[in-house]
Structure formats: structure tokens, C-alpha cells
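Dear colleague,

Please find below the structure that I am handing over to you.

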Amino acid sequence: MASTPSESYTEMKGDVEAVGSHCQTEYCHVLDFLPFRCESCRGTYCLDHRTEHAHKCPKAGEWARRRAEQNAATSLPPKPSLYTHEQQCYENTCKTLINTSRMPANQCSSCNRSYCLKHRMPEDHDCKNVPRRGAAPGGARQQTMSALAKLKLWAENKRKEDDKRRSGPKKSGFLGLGKSSSPTAATAQAEINALKRAAKGEASVPSEKRIYLHVEASADTTKAKYPTGKFFYNADWTVGRVLDIAAKSLQVQNVNNRGGGEEEKLRVFHVEGGRLLKFSEKIGEPCKNGNMIVLLRGVGSGEPDLIDL
């Protein structure tokens, strides 16, 4: 027997509702074939009312809180050694922490320093120019005398070079006797002008604050790529700050901030003044335009006056 139209309509409606679901938002109740479920209130909504704000969720934010608590409970606790360990690779340009669970220390048999995996080979950390741990002279007096001898040699060589450079060409005098022209103020000023033209430094330093210096590094402190240079600094900067900048410019390994003995530390020696400079004093106080400072390692912390040596 054929079904009446009303019966057919009832059966079809049941099949359609079995596919989708009505939106629970008041005054909406649209039938959505792909309804959305709110994870906070567990209600079913259409595309337009799927967000918590759109259907004015009575439990807004509950799903986010549950998710955060779940993540906090299942996440692994941080390893303190990765964040609080004070040791790092001895290579000057490397900041990798060593002696941790992820990065064990690799000790070099030549220089007795500890490195990360990347810089463990001697050629990777320029081993020949790294001060060997435990290689300092046995006695304190021997170390002091060695430092003084090194400083004195630098001062003497510098003075000889200046005298030879400023003496000028010899002029023929009466009866063929030669004599050297003495250095003049004009010659000294010409040298300073040439230094100013060639010097490099931070452009932000005011011109009236600039002090122009010759900077050198002894053979045992540098990688020998840039053993000397001409630079300008702010006269109000401390010697310690100038040391850091000069070491970077000349590619000198600077480990002053990593601890260690005096045999590893860099010091600034003022040639014209004949003494080591304190890290805290301003560079413009002892130095003048055209002076030379030298970076030396393992020369002690005293300030011997080399003029009387």
C-alpha cells in the first residue's frame, strides 16, 4: 500500500536530522550537516556560532585552562645544568656551555683547555696561540722578571723606531759632513694628521672626544692576522673597554672575563708612559694623540715604571 504524503515527509525528516544537528544557540537552531562542538560547554553549534564569544559560552575559557594544565603536567622539567652551568667552551668566539648532559667537555692534550665538540681539534681552536694551562713560571719572582723584561723590550724598541722615523733624511753639510735634522712640531703634527686619516673607530664618538692611537699586539697574544692597527677611541672610555675593543679589532683572544691566572690575562701597556694602565682609568688621561698602546699577556698586574729600568 502506498504511503501518504505526510508519512513520507516524516520519514525523510528523520533521515536528514540523523545526518546533522541543530545549533543550540537561542533563536538560531539551524540544521548544520557539519556541526561544531564547543570543548568548554560541550554544546553543538553551527558555523556562525562555533566560537565561545559567538554563542556566549557559559564556561568560556575552560577548555584552554584544561589544555594548559595538561601540558604542564606532561612536560619534562628543565635541566638546571643547561642554564646555570658556569663553564663554557674556551674558544673565544664560542658561547657553548660544556660539562653538561648534552655537551660533555673535550680537553685538548696540547693546551689543557676544555672545548665543545665543534672546537675540540687543535686546528679548530688555534691551539698554538692559546696559553697553555699550567705553563706559567714556577716562582713569582721569575714571572715578575719575565714580565718586566718583555715590557722593557717593547719600550726600547718603540723608542728606537720613533727616533729613526723622526730623524729625517740626512743633509750634506759643509766639507761633506752629514747631520740629521731634529724632529719639529710640524713633523709631529703631520704624523698625527696622517694617523687621523687612517684610524678606524666608532662613528658615534664625537670628534672632540676622539683620541687617536697606534695599537699593537705581541706575537704571543694574537693570531697574527692583524698584529697592528690605527684606531680612535672616546677619551672618556676606560682602559678595560678599550682593551676589549682593541682585542676584537686585532683578533686577539681575550679571556679576561673567564677567570684563570694572571698568565692568561691581557694588559694594556702605554709605551710613551712606560707603564701598564689600570683597567679603571680613562684612556684619555695617560695617552695623547699619536701614542702607542700594546696588548701583552701574562705580564702581571703591577705598574712598573720602565723609564728607570
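Apart from neighbours within four places in sequence, V242 is in contact with Y233, W237, I283 and I293, contact meaning heavy atoms within 4.5 Å. Please note that this is a predicted model, in which local features need pLDDT of at least 70 and side-chain atom pairs count only at pLDDT 80 or more, while totals for chains, interfaces and linings use all residues. Residues are numbered from 1 along each chain as its sequence is written, and side-chain values use heavy atoms, with hydrogens and water left out.

V242 lies in helix α6; helices (H or I, at least four residues) and strands (E, at least two) are DSSP runs, numbered from the N terminus. V242 counts as buried because its relative accessibility is 1%; buried means under 20% relative accessible area, exposed over 50%, and partly exposed in between (1.4 Å probe, protein chains only). The C-alpha atoms of V242 and I283 are separated by 7.5 Å, although the two residues are 41 residues apart along the chain.

Helix α6 spans residues 239-249, and its buried residues are V239, G240, V242, L243, A246 and A247. They cover an arc of only 155° around the axis, which puts them on the same side of α6; the arc is that of the directions from the helix axis to the C-beta atoms. An α-helix has 3.6 residues a turn, so residues three or four places apart point the same way. The cover over the buried residues of α6 includes β9 (210-217), β10 (228-234), β11 (266-270) and β13 (292-297). Just after α6, Q251 has a positive phi of about 60°.

The largest nonpolar core contains 26 residues, and Y233, I283 and L295 have the most contacts inside it. Such a core is a set of buried Ala, Val, Leu, Ile, Met, Phe, Trp, Tyr and Cys residues joined through side-chain atoms within 4.5 Å. At least two residues of this core come from each of β9, β10, α6, β11 and β13. A second, separate core has eleven residues, among them I98, C108, C111 and Y115.

**Salt bridges and a surface patch**

How many salt bridges are there in the model? The count is five, where a salt bridge is a side-chain nitrogen of Lys or Arg within 4 Å of a carboxyl oxygen of Asp or Glu. R37, E39 and R42 are linked in a network of salt bridges. Within it, the closest N and O atoms of R37 and E39 are 3.3 Å apart, and the bridge between R42 and E39 is 3.0 Å, N to O. E39 is partly exposed, with a relative accessible area of 28%, and R42 is also partly exposed, at 46%.

Another salt bridge joins E281 and R275 (3.1 Å, N to O). Here E281 is buried, with a relative accessible area of 14%, whereas R275 is partly exposed, at 23%.

On the surface, V19, F33 and L34 form a nonpolar patch with about 350 Å² of accessible area together. Patches are made of residues with over 30% relative accessible area and no salt bridge, like charges being joined within 9 Å and nonpolar side chains (Val, Leu, Ile, Met, Phe, Trp, Tyr) within 5 Å. Accessible areas come from the Shrake-Rupley method with a 1.4 Å probe; for residues, only the protein chains shown count as cover. V19 belongs to helix α1 (residues 5-19) and counts as exposed because its relative accessibility is 56%.

With kind regards
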